[in-house]
Amino acid sequence: MTAAQGKGDAKPGAVRRFREVHYHRYPLGARSNIHGACLLRSLLPVRLPRPHTMQMIYTHPPPGVGYRRGMLPQWQEARDQAAFVRLAQEHASSAIRDIKDERRRVAQWLAEDRANARTHVIVATQLGLLFFIAGFGYWNVLDINLGLKNEACVGVKAFEVCIAKNAEEPDANDTEDDIESIDPHELPILIVALTTYVKRSNEAKNGEYDESGSYRLYALGADSLPPLSTEFIEKHALRKDGSRDVAEPSHSAAAAAAAAAARASSQPVSSLFEATADPRRCASEHMAEANGEAEQLQPEQQTQSNMIRDLPLNSYAYLEERLFSLPVGDSMHSLELNYLPFRISQDVVDGMPPVLLVAGNDNRVHRYALGRGQIVEIEPLLCPKTDVPLTFTAFDARVIGNYHVQVTAHQEFAVALQASRALTEEETREAANTPELDSSDPALLRRLLVADEEVYDAAPVVLTIFTPDSAYIDRTAFDYAITHRLSASSAANSRKLAAGDIYDAEWPIGTMKSYPLRGTEATSADSEQQPRVHVLVGFVGEEAVIYHDVPVAGLDPVPTLVGGVSGRVPEGASHISGRLRGRGGVFSLPGSAKEGLITSVHFDDLDFDGGKEIIVGTVSGSVLIYKYVAEHGYVLVWKRRFPAPAYGIFSADINCDGANELVVVTLLGVHIMQPNLAQARAKLLRQLVLAAEALTEQDGTSENANPREGSSSAEQP
């Protein structure tokens with residue numbers, strides 16, 4: 001047993017839960033960041049085949065993939081420059097026709113609901129992005145160098161947006177073979193948000209740390225989104241001084257067009273492409289240099305050779321082609337940030353522009369609406385008030401069932417919680433006749449359940465909202481209106497909210513249903529049919545705490561457990577049960593404080609019993625798995641220590657075999673561990689037996705209740 005295996009498999013006779021099947025170590029000098037990993041749930045098909053070896057890494061696309069489609073014929077095949085230009089144009093037109101045909105086939109495939117979403121893993125290093133692309137029985141590793149000059153990646157978040165086509169927009173002309181004829185809204189749009197640290201010139205020269213460095217926010221792929229409407233900008237946008245206006249990106253749409261024109265001409269965009277070994281240099285340039293004829297290439301020739309290379313990343317139908325086509329260097333749109341960025345999240349609502357959320361050290365969670373060539377800052381979410389410069393800000397917000405729960409915290413030991421739910425039909429009818437509400441749209445109306453704020457004696461650093469029931473789906477969603485109304489002044493146009501009030505949200509929040517198949521029977525009580533929503537709070541130097549059923553119990557139904565004089569969980573008290581009909585309660589994760597600061601948290605059903613376990617990663621490299629046991633609270637069931645801090649933990653099926661792998665992203669590399677398939681098989685067989693018995697019993701009950709009459713009815717299938 002190696003030292004890296006740790007205590008997870010050390011107990012004699014213990015069932016091995018995971019087996020490490022792959023370890024990807026970053027290149028020498030590369031490191032990841034605590035906010036530099038995420039999952040991408042994608043409907044797009046994948047193109048690359050099974051790798052010959054697990055150590056195979058794609059640093060540039062193979063022939064026939066992405067911009068390598070635009071490979072030009074050998075210079076010697078053309079008799080003169082005119083013939084070469086004609087051949088280049090024919091190759092580019094043929095490649096664009098192939099891309100449009102592929103997009104048409106994939107769009108039909110998605111429309112017929114034949115696509116199964118796959119989950120991919122993304123990791124940001126200083127130089128670029130690593131992608132672990134899920135395939136059937138395998139995964140491929142893509143190492144994309146973004147060509148950042150004097151910049152280092154800090155955080156990353158990737159997601160897809162499905163845009164309904166506007167009836168007023170003209171259809172794309174399928175007979176054309178140019179870039180403009182590709183409709184980007186035909187398929188899901190891939191957005192990759194990235195925050196970077198920009199080194200100052202003196203820091204880049206001598207390698208010494210310079211606090212005067214700045215930060216940037218990139219939104220790769222946003223050029224395929226529809227432009228933000230004037231009405232939306234006037235209603236939501238902020239000026240740089242905090243009033244409403246557009247926050248101009250450092251690369252506007254006009255600048256992007258100029259950069260594209262410069263790339264297509266004989267003049268370089270910047271010295272960055274000269275200093276970096278960029279695999280995207282087209283084949284004609286390489287061949288011309290090899291023949292000593294680079295100076296003979298005219299601008300029109302380079303325009304044709306760059307036609308495929310300059311396609312927007314969302315032009316392609318396959319995921320890997322889009323990733324290989326990510327913009328590099330100065331061609332990326334960015335926005336200068338005047339704060340230190342932490343975690344990145346997203347809020348995607350049908351009919352609304354996608355919104356990025358970035359936590360900052362200025363006591364705010366900043367929000368940015370994305371449009372074509374636009375990064376517009378809108379009203380931020382405010383954390384509990386403090387005048388002290390912050391080191392970090394933590395936040396989370398999720399929709400689970402009818403509940404919407406939002407929580408924020410910072411180093412001043414304060415946590416704020418807001419929980420609301422969708423209205424019933426009767427409540428909606430009553431609210432329609434309420435003149436105090438600004439909107440009568442049922443999709444915007446919510447009832448505030450809990451507005452709670454607690455101050456602790458230890459600094460909260462990790463906040464996560466989750467449901468323990470694996471049958472329920474959740475998604476991230478944020479509401480500026482609720483935080484604004486809770487702190488509203490007595491002005492006539494600002495109504496302060498209290499628990500039980502109905503308010504109109506900023507935009508539709510929606511609900512998330514459970515999976516259609518579920519083994520448990522629903523109870524008669526309405527409250528029992530709602531999902532349970534818990535909040536995990538991780539502290540500095542203290543054990544992590546779980547608040548159960550926050551929509552009904554709030555943050556602290558038992559104030560003596562957390563906070564108080566010492567701020568410590570009492571010895572021997574792993575949980576205190578709630579008093580709300582079995583709901584509520586405050587629980588601790590025993591032993592979590594001994595492993596150092598919690599850096600990552602994830603939830604998944606790892607033992608296939610229908611309930612989610614809590615997976616915790618720490619700065620010491622320890623990964624802990626806790627399971628809730630009735631009358632005992634949360635019990636540690638698995639532990640392993642890795643040789644570097646665990647910055648990201650995910651449970652994802654990246655080889656599409658039906659069982660989720662445990663992916664641990666550390667400072668030095670990525671560990672992929674496969675679950676115990678024998679244990680999973682035994683659990684599955686047990687569930688199938690129980691399901692068959694339940695169906696047999698149900699059929700017997702129905703036959704006794706409704707006996708068949710006559711032979712004709714007995715013959716019916």
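Strand S28 (residues 622–629) is joined to S29 by eight bridges, and the two run antiparallel; strands here are DSSP runs of E with at least two residues, helices are runs of H or I with at least four residues, and both are numbered from the N terminus. Within this pair, Ser 622 lies opposite Arg 641 in S29. Both strands belong to an open sheet of four strands with the order S26-S27-S28-S29 and antiparallel pairing, where two strands are taken to pair if DSSP finds at least two bridges between them. The edges are formed by strand S26 (598–604) and strand S29 (633–641), each of which pairs on one side only. Neighbouring strands of this sheet are turned against each other by 20 degrees on average, direction ignored; the axes are lines fitted to C-alpha atoms, with angles running from 0 to 180 degrees between N-to-C directions.

The model is predicted: local features need pLDDT of at least 70 and side-chain atom pairs count only at pLDDT 80 or more, whereas totals for chains, interfaces and linings use all residues. Residues are numbered from 1 along each chain as its sequence is written, and side-chain values use heavy atoms, with hydrogens and water left out.

An open sheet of four strands is also found in the order S7-S8-S9-S10, with antiparallel pairing. Strand S7 (151–161) and strand S10 (334–337) stand at its edges with a single partner strand each, so one side of each lacks a neighbour in the sheet. The twist from one strand to the next averages 20 degrees. Strand S8 (residues 189–198) and strand S9 (residues 214–220) pair in the antiparallel sense over seven bridges, and Thr 196 faces Arg 216 in S9.

Strand S19 (residues 460–466) is largely enclosed by the rest of the structure, because seven of its seven residues are buried; buried denotes under 20% relative accessible area, exposed over 50%, and partly exposed the range in between (1.4 Å probe, protein chains only). Six bridges connect S19 to strand S22 (residues 534–539) in an antiparallel arrangement, with Pro 460 opposite Phe 539 in S22.

The largest nonpolar core comprises 37 residues, and those with the most contacts inside it are Leu 536, Ile 546, Leu 589, Ile 614 and Tyr 634. Such a core is a set of buried Ala, Val, Leu, Ile, Met, Phe, Trp, Tyr and Cys residues joined through side-chain atoms within 4.5 Å. Neighbours within four places in sequence aside, Ile 546 is in contact with residues including Phe 466, His 534, Val 535, Leu 536 and Tyr 634, contact meaning heavy atoms within 4.5 Å. A second, separate core of 34 residues includes Tyr 58, Ala 124, Ile 133 and Leu 319.

Across the protein chain there are 14 helices and 32 strands. Buried residues make up 52% of its 717 residues. Of the contacts with a separation of 6 or more, 69% involve residues 24 or more positions apart. The chain exposes about 33500 Å², of which carbon and sulfur atoms supply 50%; accessible areas come from the Shrake-Rupley method with a 1.4 Å probe, and for residues only the protein chains shown count as cover.

A search of the whole structure finds zero disulfides, defined as pairs of cysteine sulfur atoms within 2.5 Å. Cys 153 is buried, with a relative accessible area of 7%, whereas Cys 162 is exposed at 54%. Gln 55, in the loop between strand S2 (32–42) and strand S3 (57–58), is exposed, with a relative accessible area of 60%.
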